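Subject: Structure handover

Hi there,

Here is the structure I promised to pass on. Have a look at it first, and my notes follow below.

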Amino acid sequence: MVRWSSVETQKSFVAITGASRGLGRCIALQFGAKFPPDSGLVLMARNLEALESVKSEMISQSLNVKIVVRQYDQGNTEDADYFNDIFTDLLSTNNISPSDFEQFMIVHNCANIGDVSKHSLELSDAKFVQKYFDVNLTGMILLNTSFFRTFSDSTKARVVVNMTSAVTSTPLPTMHLYCAGKASRDMFMRVLAVEDPSLRILTFAPGASDTDGTRGIEANSRSKPLIETLKQLRNNGKITFPETPISKLVQILEENSFENAVYVESDKLF
Ligand SMILES: NC(=O)c1ccc[n+]([C@@H]2O[C@H](COP(=O)([O-])OP(=O)(O)OC[C@H]3O[C@@H](n4cnc5c(N)ncnc54)[C@H](OP(=O)(O)O)[C@@H]3O)[C@@H](O)[C@H]2O)c1
């Protein structure tokens, strides 16, 4: 069985979703500094300008990897070909081939927190709920399938990083959709791991980090206890800069001793 063989040695093709800001931006910067020259990093999100700005930041740090930005809406599940063709298009547009690389990685980082201004029993808009799961579950599954159809050579190392959260086992008020979506994704990855042991799958929870996501919960949640919990985490220095959990993520990948699709956390929150 081919195993992941460390970020620093193998020429790799890496796709990162939600790379325009927050933890995803930080993953792009830290991975860009770790992977060997001629590796390819694809930065994906809706905001092209923000992606270009992350790319410029990476170039200004003299990173030797090839950086491609790809505008991408993970909620675009109505167009069947949108996900099917995404990586084949990307390879042909950039004149690269899977044979140019020794290993392949996809980082499923894109997510949103849902409508935290509502409690569970106020969720009555089917389209809104469906859209949430389109972005946070269905789109992730379709992108994952597309990635491994394009990068299908199982004699090479193929890796998934599934960005998860402590909320998969700790229910938090007003975070109904987020908790349910993250728990579903984790189980999807566990099934994938038993079906295809040739894949290396890291399910990684970054702890609480200071991003638009966290600030959105603090600003909009209807739950005073949840806002109080976040306030306490802030006061106790438990809300980190993104660099801290992402350094830990890189370290875990380098050590390569994690169990496939088993929950690993950067910092114990609850
Ligand atoms: N921050 C934390 O404390 C924390 C804790 C546990 C887990 N996590 C997980 O870590 C990951 C990153 O979190 P974060 O806090 O950095 O999030 P964030 O600041 O809200 O950033 C979310 C990213 O996802 C992208 N995105 C959102 N909707 C999208 C869509 N429809 N299509 C494509 N891209 C989309 C956004 O880019 P565009 O808007 O440009 O599309 C952005 O780059 C998430 O999976 C989150 O659940 C975060």
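In these notes, a residue is near a molecule or strand if its C-beta atom, placed from the backbone, lies within 6 Å of it. This is a predicted model, so local features need pLDDT of at least 70 and side-chain atom pairs count only at pLDDT 80 or more, while totals for chains, interfaces and linings use all residues. Numbering starts from 1 along each chain as its sequence is written.

**The ligand shell**

There are 30 residues around the ligand, and Gly18, Gly22, Arg46, Asn47 and Gly213 come nearest. By class, the shell has 11 nonpolar, 15 polar and four charged residues; here Ala, Val, Leu, Ile, Met, Phe, Trp, Tyr, Cys and Pro count as nonpolar, Asp, Glu, Lys and Arg as charged, and the others, Gly among them, as polar. At least two shell residues come from each of helix H1 (22–34), strand S7 (208–209) and helix H7 (212–220). Helices (H or I, at least four residues) and strands (E, at least two) are DSSP runs, numbered from the N terminus.

Strands count as paired if DSSP finds at least two bridges between them. Ile16 has Val107 as its bridge partner in S4 and Leu43 in S2.

**The core**

Ile16 and Leu43 turn up again in the largest nonpolar core, which has 56 residues; Val14, Ala19, Ile27, Ala28 and Leu41 are also among those with the most contacts inside it. Such a core is a set of buried Ala, Val, Leu, Ile, Met, Phe, Trp, Tyr and Cys residues joined through C-beta atoms within 7 Å. Apart from it lies another core, of 11 residues, including Tyr132 and Met175.

**Two helices**

The buried residues of H1 include Gly22, Arg25, Ile27 and Ala28. What about H8 (residues 224–235), in the open or buried? Of its 12 residues, the number buried is one, so H8 lies largely in the open. Gly237, whose phi is positive, near 70°, follows H8.

Happy browsing!

Definitions and conventions: A residue is buried if 20 or more other C-beta atoms lie within 10 Å of its own, exposed if 12 or fewer, and partly exposed in between; C-beta atoms are placed from the backbone.
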